[in-house]
Amino acid sequence: MPKFHVIVARARAFHVTLVILVATSLAHAALTTAETRFVPKPHPRAVELSEEDAALARTAWAYFEKNRLQNGLVSSAAAFPATTMWDAASQLAGMTAAHELGILERPAFDDWMARVLSTLAAIPLYRNELPNKAYNAEALYPTGYGQVTTRKEIGFSALDLGRIASWLTIVGDRYPRHREACRAVFARWKLERLARDGRLMGTDVRGVTEAYEQEGRLGYEQYAAYGLAKIGIVAKEASSFAHLRYVAVEDIYVPVDGRDTYDSEAHNYVTSEPYVLDGLENGFAALSSNLAGRVLLAQIRRGRRTGVPTAWSEDNLDASPWFVYNSVYVDGKAWTTLDASGHEAESKRGSSLKAAIGWHVLFRNTDTERVYKAMRWIGDPKAGAFAGFYEEGDRPNRALTLNTNGIVLEALLYARVGTPLTTWARSPAR
Amino acid sequence: MRMATLPQSRDAVVTVRPPARSRGSVLSGFRYVADGSRDLRIDMARGLAIVVMVTNHLTGSSYLNAVTQGRIYVSAAEAFVFLSGFVLGFASLRRVEDGGLRAASRALVARAGTLYRTYLVLAVVAAVVTLVHAGAAAPIFRELATPPWKAMLAIPIFGVSPRLLDVLQLYVLLLCASPVALYALRRGWTAPLLLASAAAWAFHQFHPYALSATPLGREHPYFVLAAWQLVYVVGFVFGYHRTALSNVLRRAPGWLLPILAVAGVAASVVANHLDTRLGVWPVGVVDRAFWTAATDRSSMGFARLPSAAALFTLIFSLFDRFYRLFARTIGPGLVALGQSSLYVFVVHIPFVVAWHALGLPMQSAQITTIVQLGVLVALLAMVRSRFLFNIVPR
């Protein structure tokens with residue numbers, strides 16, 4: 001028979017054990033509720049890159065080295081010498097990040113950057129007005145999308161130009177030695193038709209007829225308007241939230257564009273990319289962190305509900321139809337994947353690495369980390385980071401693109417500096 | 001692979017000598033026989049861990065790194081942290097019995113102070129070197145936060161976690177918390193202590209940002225406090241209850257633990273090989289995501305725990321059963337390094353900095369291996385000659 005004081009000691013130990021169990025369970029329940037109930041807030045922090053992150057940066061940079069062309073441009077997809085102004089912006093982002101992360105030494109960076117900027121300053125413009133939507137990146141003539149062998153002017157895109165305007169500003173601010181070359185890129189652009197009545201405008205050549213139309217829906221529209229403002233384009237309506245509506249997805253009200261798709265043929269994709277890029281570059285100055293948090297929270301809830309990591313975005317594919325918009329919401333439906341021509345492509349739904357890493361470095365929470373780490377390894381160290389993975393078949397989407405690898409590097413730079421990149425760039429490098 | 005070092009007592013360096021051969025089978029003649037109060041098998045294990053640490057910090061393609069890096073879901077860091085806890089648990093019990101809980105706690109805090117001062121000196125020197133010439137102390141600081149006073153302020157309050165020195169921060173925090181663990185053990189709260197530690201670890205697995213107040217929180221690339229404390233606490237408890245534990249193990253069949261250990265190590269090695277080298281398992285992205293989390297080093301994923309337990313058991317069993325063989329070969333060297341692990345940790349840092357500053361590693365695996373062996377021999381010679389023993393803590 002144990003002595004009395006031993007019995008008392010055991011009873012106390014039992015009580016302490018019980019308290020620990022109850023306290024841990026309560027804390028777990030409370031945090032789980034908090035993580036899925038409230039709109040997450042961004043947590044910008046400068047962190048040391050882990051070995052895995054550094055390896056990812058090197059993998060992403062391998063894409064640049066492998067697909068670099070003589071004129072300094074990088075092909076927008078592996079072994080496919082095309083580019084757009086959106087992709088060229090991702091190239092500037094990737095090069096800047098690689099240099100700042102110590103992957104690309106200064107002399108090589110300066111040489112390469114000077115070459116890219118002089119190439120961009122010399123490309124033939126659509127009707128001598130603005131950059132065409134797509135180019136043969138090697139021969140530097142305008143083409144249609146995916147048609148690098150045929151010379152063709154197909155119009156200009158305000159959204160693409162907004163992104164590159166933003167990056168030309170960042171590069172010019174950060175590296176005064178390249179400032180003039182950055183200005184020279186857009187010095188010959190005729191900006192008048194980029195905005196009308198406060199809206200962003202683009203053109204689309206159909207046959208011989210040019211359609212001049214409002215461009216952009218909630219997300220992309222505000223992000224592009226913010227970038228174009230840096231080169232003097234004022235588009236008040238595009239910068240506003242006049243068409244903002246909310247719809248419930250996964251029991252959270254996510255922002256959508258109220259304009260009807262069928263009138264304009266422009267789909268109101270709600271996807272990660274514009275929110276992620278706005279966060280990384282502008283600190284959610286164009287869109288708001290609350291709107292971004294709602295788009296993220298819907299994906300977090302889906303991820304928890306289905307058990308499938310969810311970071312949906314527009315992305316290239318390694319198989320037909322080659323490009324899809326994985327949308328949190330589009331055309332009245334949640335969780336829909338459309339190809340570039342607007343047809344459903346449900347078998348190609350999946351998550352994107354660029355969205356996963358972007359969300360994570362911006363918000364840094366349990367779920368963003370889980371999704372990012374789930375996808376961080378998807379790539380080939382000699383060829384680049386892959387686009388993401390397909391939910392059907394649970395297999396990697398091995399598409400290798402400039403946009404994915406550029407944004408991956410951009411996100412890692414953001415992680416390293418912990419500040420929106422437009423703000424960070426205002427402290428010029430020596 | 002990142003390594004750690006071990007805070008150890010100020011005991012004098014004990015030289016190893018083969019104990020007298022005992023009667024029994026041929027194998028039992030190689031067995032370890034206690035000779036004095038110090039367990040030389042533990043020193044040997046620490047010595048092995050520090051050899052692995054040094055070679056891994058001297059990065060590059062070498063035969064040593066090929067054997068010791070990325071073969072199993074365990075690093076020498078887990079061994080150091082566990083052994084630190086074990087030795088301190090055991091030593092604290094003796095101190096409590098000799099001088100009471102307060103004296104034992106004071107010793108733990110004093111050791112934390114020694115490690116803190118060591119960390120501070122090394123970090124400040126590295127920071128100053130970086131300020132003078134950016135990148136010169138690259139293995140520790142790639143660059144400093146600007147303005148420099150911010151970096152200097154961050155160092156003493158653990159606002160930054162410099163590479164190589166981060167493990168000292170972990171030890172300082174663990175040692176500062178050790179009196180609480182000791183108090184709990186004195187009260188007979190072994191189960192609650194282990195449960196609290198496991199709860200913090202499990203909580204971190206589900207909510208990695210919730211316990212992120214310190215720089216050793218979630219953002220730490222290697223040693224997340226909430227996760228790594230489990231290894232230390234288990235070691236501390238085992239050390240404290242060493243006698244009882246030995247009695248329990250003695251009752252188990254002698255072959256059981258080694259067999260389990262071999263099976264565990266084999267499973268971990270095969271899984272690691274399929275996972276990292278061939279990439280054939282797990283195949284699916286979601287499954288691979290799960291396995292990546294399970295083997296994550298910074299948050300001590302759950303699959304690492306049995307891997308570490310199996311590997312430590314296997315190594316300890318080998319040192320125990322074949323002690324005399326080791327004692328006649330590499331044993332004395334390992335013991336010497338293991339008994340001065342903090343000293344070796346400190347003095348290996350200039351070697352690592354020089355290694356990077358000189359643009360090493362070399363292209364040739366043979367040359368890299370030879371240089372790594374040269375560094376290990378130099379470190380051993382420094383220990384043997386007690387070089388700067390009066391300045392560098394041990």
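Two strands count as paired when DSSP finds at least two bridges between them, and helices (H or I, at least four residues) and strands (E, at least two) are DSSP runs, numbered from the N terminus. Keep that in mind as you click around this predicted model, where local features need pLDDT of at least 70, side-chain atom pairs count only at pLDDT 80 or more, and totals for chains, interfaces and linings use all residues. Residues are numbered from 1 along each chain as its sequence is written, while chains are lettered from A and ligands numbered from 1 in the order in which they are written.

**Stop one: a sheet in chain A**

Select Ala82(A), and you'll find Asn136(A) of E4(A) opposite. Strand E1(A) and strand E4 (residues 134–136) of chain A run antiparallel, joined by two bridges.

**Stop two: a hairpin**

Next, pick residues 244–249 of chain A, which is strand E9, joined to E10(A) by six bridges in an antiparallel run. Ala248(A) sits opposite Tyr253(A) in E10(A). The two strands make a hairpin with two residues between them, and Glu250(A) in the turn has a positive phi of about 55°. Is E10(A) largely enclosed or left open by the rest of the structure? Five of the six residues of E10 (residues 252–257) of chain A are buried, so the strand is largely enclosed. (Buried takes 20 or more other C-beta atoms within 10 Å of a residue's own, exposed 12 or fewer, and partly exposed is in between; C-beta atoms are placed from the backbone.)

**Stop three: another sheet, plus a helix**

Staying in chain A, show E14, E17 and E18: an open antiparallel sheet of three strands in the order E14-E17-E18 (chain A). E14 (350–352) and E18 (395–397) of chain A are at the edges with a single partner strand each, so one side of each has no neighbour in the sheet. From one strand to the next, the twist averages 25°. E17 (residues 388–390) of chain A pairs with E18(A) over three bridges, in the antiparallel sense, and Tyr390(A) has Arg395(A) as its bridge partner. Then select helix H12 (residues 353–363) of chain A, which packs on the sheet and touches E14 and E17 of chain A, its direction making about 55° with that of E14(A). Contact here is C-beta atoms, placed from the backbone, within 7 Å; axes are lines fitted to C-alpha atoms, for helices over the stretch in contact, and angles run from 0 to 180 degrees between N-to-C directions.

**Stop four: two helices in chain B**

Jump to chain B and colour H1 (residues 40–57) and H15 (residues 365–384), which pack at about 135° with axes 10 Å apart. For the side chains, show Val51(B), Val54(B) and Thr55(B) in H1(B), which meet Gln372(B), Val375(B), Leu376(B) and Leu379(B) in H15(B). That contact has five nonpolar, two polar and no charged residues. Nonpolar covers Ala, Val, Leu, Ile, Met, Phe, Trp, Tyr, Cys and Pro; charged covers Asp, Glu, Lys and Arg; the others, Gly among them, are polar.

**Last stop: where the chains meet**

Finally, show both chains: 24 residues of chain B are in contact with 28 residues of chain A. H6(B) gives the most to chain B's side, with seven residues.

Notes:
Two residues are in contact if their C-beta atoms, placed from the backbone, lie within 7 Å.
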